[in-house]
Amino acid sequence: MRDVLTRLGLGTTNPGAWAGHALSGAHDGSIDSVDPSDNSVLGSVQLATLDQYENVVSEAARAFKEWRMLPAPHRGEIVRQMGDALRANKVDLGALESLEVGKIRAEGQGEVQESIDIADFSVGLSRQLYGLSMHSERARHRMYEQWHPLGVVGVITAFNFPNAVWAWNAMIAAVCGDTVVWKPSLKAPLTAIATHKICQAVLEKNGWNGVFGLVIGRDATVGEAMLRDPRIPLVSATGSTRMGRHVGSVVAQRFGRTLLELGGNNAIIVEPDADLNLAVRGITFGAVGTAGQRCTTTRRLLVNRRIAGELVPRLVAAWKQCRIGHPLEEGTLVGPLIDADAVASFEHAVAEAVAQGGEILVGGRRVQRPGNYVEPTIIRANPGMAVCREETFAPILYVMEYDTLQEAIDIQNDVPQGLSSSIFTDSFRSAETFLSHAGSDCGIANVNIGTSGAEIGGAFGGEKETGGGRESGSDSWKAYMRRQTNTLNWGTDLPMAQGITFTV
Ligand code: UN1
């Protein structure tokens, strides 16, 4: 199973700083990459020093000056080749994710597919970085806007999407003319190194170095340096709300930009007219998929009281059928949590829920086997319970009953987070109410689809404590560029705007 490590060029000890090429020499200690299915060590990574961080960012800043001059469609052509390189390595990279973060095989490969998709999207985008043109109020004047590359983009990623979330940022940043320095989670360093090497090989073949850099290091050293670095005009960060609050305030002090994708507390509303076959499947994948470790995971189920007696037992039965096992084993639907801390958070949340009046309907315990396995869990809850307002990165679904759609929408919106949301209904009126400005307050709102598994073509992100950023599709590329408004006078007079006369 572990031959993928060799095939992807990973050794037992791996350098943690890359400015295109590996930066060897001094290091700030090392960390182990640990297989969460049995807590054995997959390999170790030498952590980057501040000096190495300096080198990576200087390389990225140097490369930016040249990369931005390459026409965007030519940058897109290189990104197209990266998409092909990821295609060629999809099976191995997906398996590496299974080993390093515990995703089941289909989800590991699904994540790499997201990276391939965003590469394809970015290739098209490279010919479409459109600005508007406006009618000037002055005669013989032309006014328009253009989008220029921004500079070095810092990308901070979480363990749970150790490949695709980088790609959402890096592929788009690359066609926009930016260079990228990536600081991945210390819980998924090997996936980052393998991904970097695959894309770097493409850049090198095309004669480029320093366009993508990788710094695997401690938050307190290289992380803080990145936040305070005036050479990095944009920091795009995925992680907890606590982390995002820090990133946002530090970067704002230097008037840098942030793109934040933070915690979610996503709910599915099920109306009495819903197709329950769809609902059961959507809720199960949403809550149990990735062992509840997606930011888009379904954490709350709001079910109309009239159908709760039918839907909830069906979910309990489905939960019992979800096979827990090694992520690469055929038939496994639930792999391990990332580490022992995650298991402790799961147990803490379950205990809190019970103490606050919740009732466990299925699951609730860790699984007695090596590794960090827990049982997918359903807890009957009520919206007043404090634990239901928090994001616990584990497969726990809180079920609450409601009487009217308005009540359900109010409960759904009454949490600090605002990432994803769904309604299952066959009523046009209920669906439109949910999607209206008086409905879901989330960045993503779906009908008859679960909360997770968004396509890359749409803008991805959420409101409130989710951070307000939008990544991946639609016009998210604008975050990676700076807008310049240009007004040109092709006349023989100098009229002022607003009708002002000012003659000397
Ligand atoms: C995340 O968990 O940080 O919509 C990203 C989804 C995936 C991305 C999740 N496309 O579930």
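Predicted model: local features only at pLDDT ≥ 70, side-chain atom pairs only at ≥ 80, totals over all residues.
Start with helix 10, which covers residues 276-288, and helix 11, which covers residues 305-321. Their axes come within 10 Å and cross at roughly 50°. That angle is why helix 10 is described as oblique to helix 11. The crossing of the two helices is right-handed.

Which residues make the contact between helix 10 and helix 11? From helix 10 come Leu276, Asn277, Val280, Ile283, Thr284, Ala287 and Val288. Helix 11 answers with Ile307, Glu310, Leu311, Arg314, Leu315, Ala318 and Trp319.

Now turn to the empty space. Rolling a probe the size of a water molecule over the atoms shows where such space is left. Here, the largest pocket has a volume of about 1,200 Å³. Its lining is made of 41 residues, and those nearest the centre of the pocket are Lys187, Gly239, Ser240, Arg242 and Met243.

Where do the lining residues come from? Helix 8 (219-228), helix 9 (241-253) and helix 12 (340-355) are the elements that each give two or more residues to the lining of the largest pocket. Helix 12 provides the largest share, with six residues.

How values were computed. Residues numbered from 1 in each chain as written. Heavy atoms only, no water. Axes fitted to C-alpha atoms, helices over the stretch in contact; angles between N-to-C directions. Helix = DSSP H or I, 4+ residues; strand = E, 2+ residues; numbered from the N terminus. Parallel < 35°, antiparallel > 145°, perpendicular 65-115°, else oblique. Left-handed = near helix turned anticlockwise from the far one by under 90°. Contact = heavy atoms within 4.5 Å. 1 Å grid on protein atoms, 1.4 Å probe; cavity = no way out; pocket = protein on both sides within 12 Å on 5 of 7 lines; lining within 4 Å. Points joined across faces, edges and corners; volume = space filled by probe spheres on them.
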